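Welcome! Let us take a friendly walk through this structure, one piece at a time.

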Amino acid sequence: MNPTTDDDIPTFTDPAHEREWLAQEHAMRREHLHLDPTTDDAHTQRYRLLTRVLREPQPDGLPTDFAQQLANEVASASANVVDTRFERVLTTSLGAALLLAAIVVSVLYGSNWLSAIGASVPIPPPGASRWLLALSACIGMSWLVGLWQRPRLH
Amino acid sequence: MDDVRQSDRELVDAVLANRPGAFARLVRQYQGLCWHVIQRMVRNPEDARELCQDTFLRVHQSLHQYRYESALKSWIGRIAWNIALRHLRRKRIPLVEPGGDEDESNLVEQVGDGFDLEAAWADQQTAQHLHAAIERLSPLQRSVLTLYHLEEMTIPEIARMTGLATGTIKSHLFRARLRLRGELETRLGVAA
C-alpha cells in the first residue's frame, strides 16, 4: 500500500502544486478505503474516478503456460551447461596430454633440431649485429616512453 | 514486510537449489508485475511478451547475485525496467515527452462543480476515454502511474526500481494525473 507521507519525497516549490498533489493523494486514499463518495466534492470525485480506472487490472498478454515454458527452457539450458562442462574437461585433458608429449619430444630431439636450425640460418654480414642492436634499443626506448606516459593519460 | 522478505528468501533458495517447480512459481508470482512494467513502456504485446521472457531468463542467470537489499519484487521490476528501457532506446522512442506542461499547470486548483462519481464510473465511454488518454501519456508516466496505482508501490520503491529521484517520480505522477483530469473534464464538457 502506498504511504500517506514520506520524508524522502520533496515538496513542490509552488504551493498550489503541492495543494493539488495533496488533493490527488487524498482522493486516492479515500478510494482505496472505499469511503462514501457522496460526501466528497467534485474535485475529489474526479480524482477518485481516475484512481478507479488506474487500478483496473491490465489483461495479462502472456500465454497461460508462460511460467512452465520458461522453466522448461531454463532446465534444458542447464542440462546443456552440464554437457558443455564435460566437453571442456575432455578438451583440457587432451590439450594437457599434447603439451606433455611436445615437451618430451623436445627434450629427446631438441638438440638435433637446434643444430639443424643453426646450420640453415645465414650468417649475418659483419656490422649487421650493430644495426640489430640499434633496432633493439629503439624498440626498448619506445616501450619505456610508452610506460612513462601511460599514467599521465588519465 | 518481514514475511515478504522471508518468503522471498525461501523462493530464491528453492530456485538456486534447482527444486522442481520453484522457478515456475517465481515466474507465476512476478509475471504480472513484469507485464505491467514492460507493456506500459513498450505497448506492443508481441515485444512485451519477448521482453518478459528475456527478463525472467536474466533473473534466472543473475539470481545468485541477489543480496536481499531490496524486496525481490523491486529487484525483478528493476530488471524488467532496464530491459524495456533498452528496447525503447533501440527503437529511439523517448521515455518522456519534451514540454507540454503548461496546459496541465492551468488546471491546478481549478475544477468545475457537479460530478457524480458512480454515474461517470457506470459510463463505459468515459472509462474508455480515460484508458485512451492513459495510452497517450509518455512511457515513463504510464509506467509510473501503473506501478503506483496498480502495483501499489511507494514512491521510494519506484525510485529505487527506475533509478530516478523521488522528486522526479512525484512530479511525473502529479502531472500525469492532472493531465488525465483535464482529459476527463474535456470529455464531460466541464469548463475548468
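## A loop to start with

Our first stop is Asn18(B), which sits in the loop between α1 (2-16) and α2 of chain B. Keep in mind as you look that this is a predicted model. Is Asn18(B) buried or exposed? It has 11 C-beta neighbours inside 10 Å, so it counts as exposed.

The backbone here deserves a look too. Most residues other than glycine have a negative phi. Asn18(B) is not a glycine, yet its phi is positive, at about 60°.

## Chain B as a whole

Chain B contains 10 helices and 0 strands. Of its 192 residues, 37% count as buried.

## Where the two chains meet

One pair of helices shows how the chains cross. The axes of α2(A) and α10(B) come within 10 Å and cross at roughly 105°, which means that α2(A) is roughly perpendicular to α10(B). From α2(A), the contact uses Arg46(A), Tyr47(A), Leu49(A) and Leu50(A), while α10(B) brings Arg177(B), Leu180(B), Arg181(B) and Leu184(B). By class, this contact has 5 nonpolar, no polar and 3 charged residues.

## The nonpolar core

In soluble globular proteins, nonpolar side chains tend to be buried together. Which residues touch the most other members of the largest nonpolar core here? Among its 62 residues, they are Val27(B) and Ile38(B). The helix that gives the most to this core is α2(B), with 12 residues.

Val27(B) has partners in both chains. Leaving aside residues up to four places away in sequence, Val27(B) touches Phe66(A), Ala67(A), Leu70(A), Ala71(A) and Phe56(B).

## A covered helix

Now find α8(B). Its 12 residues should span 16 Å at 1.5 Å a residue, and its end C-alpha atoms are 16 Å apart, so the two values agree. This helix is mostly covered, with 10 of its 12 residues buried; among them are Leu140(B), Val144(B), Tyr148(B) and His149(B). What covers the buried residues includes α2 (42-54) of chain A, together with α2, α7, α9 and α10 of chain B.

Thr51(A) gives a close-up of one such meeting. It lies in helix α2 of chain A and touches Ala27(A), Met28(A), Glu31(A) and His149(B), not counting residues up to four places away in sequence. Thr51(A) counts as partly exposed because it has 18 C-beta neighbours inside 10 Å.

## Back to a loop

After α8(B) comes Glu152(B), in the loop between α8 and α9 of chain B. Glu152(B) is exposed, with 12 other C-beta atoms within 10 Å. Asn18(B), where we began, also has a positive phi and also counts as exposed.

Definitions and conventions
Residues are numbered from 1 along each chain as its sequence is written. Chains are lettered from A and ligands numbered from 1 in the order in which they are written. This is a predicted model: local features need pLDDT of at least 70, side-chain atom pairs count only at pLDDT 80 or more; totals for chains, interfaces and linings use all residues. Helices (H or I, at least four residues) and strands (E, at least two) are DSSP runs, numbered from the N terminus. The expected span of a helix is 1.5 Å times one less than its number of residues. A residue is buried if 20 or more other C-beta atoms lie within 10 Å of its own, exposed if 12 or fewer, and partly exposed in between; C-beta atoms are placed from the backbone. Two residues are in contact if their C-beta atoms, placed from the backbone, lie within 7 Å. A nonpolar core is a set of buried Ala, Val, Leu, Ile, Met, Phe, Trp, Tyr and Cys residues joined through C-beta atoms within 7 Å. Axes are lines fitted to C-alpha atoms, for helices over the stretch in contact, and angles run from 0 to 180 degrees between N-to-C directions. Angles under 35 degrees count as roughly parallel, over 145 as roughly antiparallel, 65 to 115 as roughly perpendicular and the rest as oblique. Ala, Val, Leu, Ile, Met, Phe, Trp, Tyr, Cys and Pro count as nonpolar, Asp, Glu, Lys and Arg as charged, and the others, Gly among them, as polar.
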